[in-house]
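Hi there,

Here is the structure I promised to send over.

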Amino acid sequence: MMARCIELSRIAVSKGEYPFGTVITLDGQIVAEGINSCMRDGDVTRHAEIIALSQVQRTVGRERLRRYTLYSNIEPCAMCAYCIREAWVGRVVYALDSPVMGGLSKWNVLRDDGLSDRIPEIFGAVPEVVSGVLLHEAQQAWRDWSPFAWEMIKLRGLLTAPCAQDGHIHVRPAHSRSLWHYLHILFMRSARFRRRIAHPLEGDHSDL
């Protein structure tokens, strides 16, 4: 799957974008994929991860996304990491760290238990995070895009190997939902159910 992300990153370059690619899978099958569209759309929010998440959410609810894996050639940025947590994706895999903008190595959004503990109805539990997959291949795609730019990126520490041992894959296990998480979700669901039973004819006006 990471090989497909790297292939997508090269496709992105051919379309005038930076080399970012993302796929989302279930049981080893690709269900959505995306490349950056920031340049073409003139929209800084059009990151590959968000585009792929938008695709999959059209048919899959958040409860089911806990069984899905998101692959990206680069560590998701903080913006994309918040979307991943809010979509309840259960596993995230990437090749290169992004120490300046990353949603884990810089801002720790992906591994922040506080999000799901304090707002369990919005944010999913901490996903499993795997980094360093096809590290050299991901680096080569960026080098092929622009050798000079890649040297500047390395010099400034913008994209780096995830671990001290080059090529070593690093796995951070998922966290289980807290009891408070389960209780809060159960409470919210039961409240919505009671509201529908109590006001069967009011429809959307029941929240006014």
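How close do the axes of H1 and H7 come, and at roughly what angle do they cross? They come within 10 Å and cross at roughly 10 degrees, where axes are lines fitted to C-alpha atoms, for helices over the stretch in contact, and angles run from 0 to 180 degrees between N-to-C directions. H1 and H7 are therefore roughly parallel to each other (angles under 35 degrees count as roughly parallel, over 145 as roughly antiparallel, 65 to 115 as roughly perpendicular and the rest as oblique). On the H1 side, Ile6, Ser9, Arg10 and Val13 meet Glu137, Ala138, Gln140, Ala141, Asp144 and Trp145 of H7, with contact meaning heavy atoms within 4.5 Å. By class, this contact has 5 nonpolar, 2 polar and 3 charged residues (Ala, Val, Leu, Ile, Met, Phe, Trp, Tyr, Cys and Pro count as nonpolar, Asp, Glu, Lys and Arg as charged, and the others, Gly among them, as polar).

Before the rest, some housekeeping. This is a predicted model, in which local features need pLDDT of at least 70 and side-chain atom pairs count only at pLDDT 80 or more, while totals for chains, interfaces and linings use all residues. Residues are numbered from 1 along each chain as its sequence is written, and side-chain values use heavy atoms, with hydrogens and water left out.

The overall picture

The protein chain has 9 helices and 6 strands; helices (H or I, at least four residues) and strands (E, at least two) are DSSP runs, numbered from the N terminus. Of its 208 residues, 45% are buried (buried means under 20% relative accessible area, exposed over 50%, partly exposed in between, with a 1.4 Å probe and protein chains only). Among contacts in the chain with a separation of 6 or more, 64% come from residues 24 or more positions apart.

H7 and its other partner, H8

The axes of H7 and H8 (residues 147-155) come within 5 Å and cross at roughly 125 degrees. H7 and H8 are therefore oblique to each other. Gln139, Trp142, Arg143 and Trp145 of H7 make the contact with Pro147, Ala149, Trp150 and Ile153 of H8. Sorted by class, that is 6 nonpolar, 1 polar and 1 charged residues.

Aromatics

A search of the whole structure finds 4 aromatic pairs. Rings of Phe, Tyr and Trp (its six-membered ring) pair if their centres lie within 6.5 Å; planes under 30 degrees apart count as stacked, over 60 as edge-to-face and the rest as tilted. Tyr18 and Trp145 have ring centres 5.6 Å apart and planes at 80 degrees, so this pair is edge-to-face. Tyr18 lies in the loop between H1 (2-14) and E1 (21-26) and Trp145 in H7 (residues 135-145), so the pair ties together parts that are 127 residues apart in sequence. Both residues are partly exposed, Tyr18 at 40% relative accessibility and Trp145 at 28%. Together with Phe20 and Trp142, they form one aromatic cluster.

A buried helix

In H3 (residues 48-57), 7 of the 10 residues are buried, so this helix is largely enclosed by the rest of the structure. Those buried residues are Ala48, Glu49, Ile50, Ile51, Ala52, Leu53 and Val56. Their cover includes E1, E2, H4 (62-65), E3 (69-74) and H5 (78-87).

Some loop residues

Most residues other than glycine have a negative phi. Asp27 has a positive phi of about 55 degrees although it is not a glycine. Asp27 sits in the loop between E1 and E2 (29-35) and is exposed, with a relative accessible area of 65%. Leu134, also not a glycine, has a positive phi of about 50 degrees; its place is in the loop between E5 (128-131) and H7, and it is partly exposed at 32%.

Gly132 lies in the loop between E5 and H7 and is buried, with a relative accessible area of 2%. Leaving aside neighbours within four places in sequence, Gly132 is in contact with Tyr94, Ala95, Pro162, His168 and Ile169.

Best wishes
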